[in-house]
Amino acid sequence: MSKTLVIGANGQIGKQLIKLLCADDNQVKAMIRDSQQAAYFQELGAETIIADLESPLPETAFEDCDKVVFTAGSGGKTGADKTILIDLWGAVKAIDMAKKHNIKQFVMVSARDAGNPETGTEAIKHYNICKHFADEYLLASGVPYTILRPGKLIDDKATGHISTQRTGQADKDVITRADVAACIHYCLNHTESINQIDELYNGNETIPQAFINSVSGRLG
């Protein structure tokens with residue numbers, strides 16, 4: 001059975017995604033930086049790969065995989081240098097390896113303003129620029145992609161209801177990390193999400209319906 005590689009597995013979204021995947025008996029590889037993190041994922045039934053995005057990525061991480069999720073990030077407490085190394089250069093290296101190993105779907109967890117960093121929050125403009133160029137690199141790579149651009153992330157419980165349309169109201173253009181994980185899980189199991197770019201916010205549509213409507217809107 002082909003496997004799904006989750007890069008950034010120990011992050012808040014990554015952990016919740018791997019729970020969902022393992023609950024469905026998917027074969028999963030969790031890429032983590034610290035061997036002390038391995039027990040959590042192994043208890044869920046996931047294989048672990050020790051690797052650092054600031055170093056060359058091991059071939060073994062991508063072997064036997066047909067899908068990759070990139071949900072890694074340097075975090076809000078680091079400087080722009082780490083954002084470049086992880087969110088941009090780390091993503092580029094992962095995309096190159098995905099192309100080399102003929103990955104059938106690369107799910108990129110991007111950012112709401114990655115499409116146009118000039119319109120985003122000035123304080124994180126460097127982050128949006130890195131996400132922008134990581135997305136552009138994926139689009140140009142020829143690797144089948146799904147790019148998800150969530151709004152402001154919050155830690156509430158999953159709602160199971162989203163929207164792919166922003167309202168322009170800061171208090172509404174948010175989404176729980178749990179719902180982002182559920183959206184990734186959905187996309188990995190539905191091929192219509194391949195070669196699509198969607199923003200993600202909490203909303204009134206079920207996750208399946210929101211993605212169906214998004215695809216229908218593009219085709220229409």
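**A guided reading of the predicted model**

Asn195 is found in the loop that runs between helix H6 (177-188) and strand E10 (196-202); helices (H or I, at least four residues) and strands (E, at least two) are DSSP runs, numbered from the N terminus. The structure is a predicted model, in which local features need pLDDT of at least 70 and side-chain atom pairs count only at pLDDT 80 or more, while totals for chains, interfaces and linings use all residues. Residues are numbered from 1 along each chain as its sequence is written, and side-chain values use heavy atoms, with hydrogens and water left out.

Asn195 has a phi near 65°, a positive value in a residue other than glycine. Its relative accessibility is 42%, so Asn195 counts as partly exposed; the scale calls a residue buried under 20% relative accessible area, exposed over 50%, and partly exposed in between (1.4 Å probe, protein chains only). A positive phi, near 55°, also occurs at Asn102, again a residue other than glycine. Asn102 lies in the loop between H4 and E5, and it counts as exposed because its relative accessibility is 63%.

The protein as a whole has seven helices and 11 strands. Its radius of gyration is 16 Å, close to the 17 Å that the globule rule gives for 220 residues, so the protein is as compact as a globular protein of that length. Here the radius is taken over C-alpha atoms, and the rule is 2.2 Å times the number of residues to the power 0.38. Along the principal axes, the C-alpha atoms fill a box of roughly 40 × 40 × 35 Å. Of the 220 residues, 47% count as buried. Among contacts (heavy atoms within 4.5 Å) between residues at least 6 apart in sequence, 66% join residues at least 24 apart.

Two residues in strands illustrate the buried part. Gln105 belongs to strand E5 (residues 105-109) and counts as buried because its relative accessibility is 2%. Leaving aside residues up to four places away in sequence, Gln105 touches several residues, including Asp66, Val68, Thr146 and Ser193. The C-alpha atoms of Gln105 and Cys65 are 10.0 Å apart, although 40 residues separate them along the chain. Thr146 is part of strand E6 (residues 145-150), and with 1% relative accessibility it too counts as buried. Beyond residues up to four places away in sequence, the contacts of Thr146 include Gln105, Phe106, Cys187 and Ile194. The side chain of Thr146 also reaches the backbone oxygen of Ser193 at 2.9 Å.

His132 provides an example from a helix, namely H5. It is buried, with a relative accessible area of 18%. Apart from residues up to four places away in sequence, His132 touches Ala114, Gly115 and Pro117.

The largest pocket has a volume of about 1500 Å³. On a 1 Å grid over the protein atoms alone, a pocket is an open set of points where a 1.4 Å probe fits, with protein on both sides within 12 Å along at least five of seven lines; lining residues have an atom within 4 Å of a point. Grid points are joined across faces, edges and corners, and the volume is the space filled by probe spheres set on the points. The pocket is lined by 48 residues, of which Gly73, Ser74, Gly75, Gly76 and Tyr127 lie nearest its centre. Among the elements that each supply at least two lining residues are helix H1 (12-23), helix H4 (80-100) and helix H5 (125-141).

Definitions and conventions:
A polar contact is a pair of N or O atoms within 3.5 Å; within protein, one must be able to donate a hydrogen and the other to accept it, and residues adjacent in sequence count only if both atoms are side-chain atoms.
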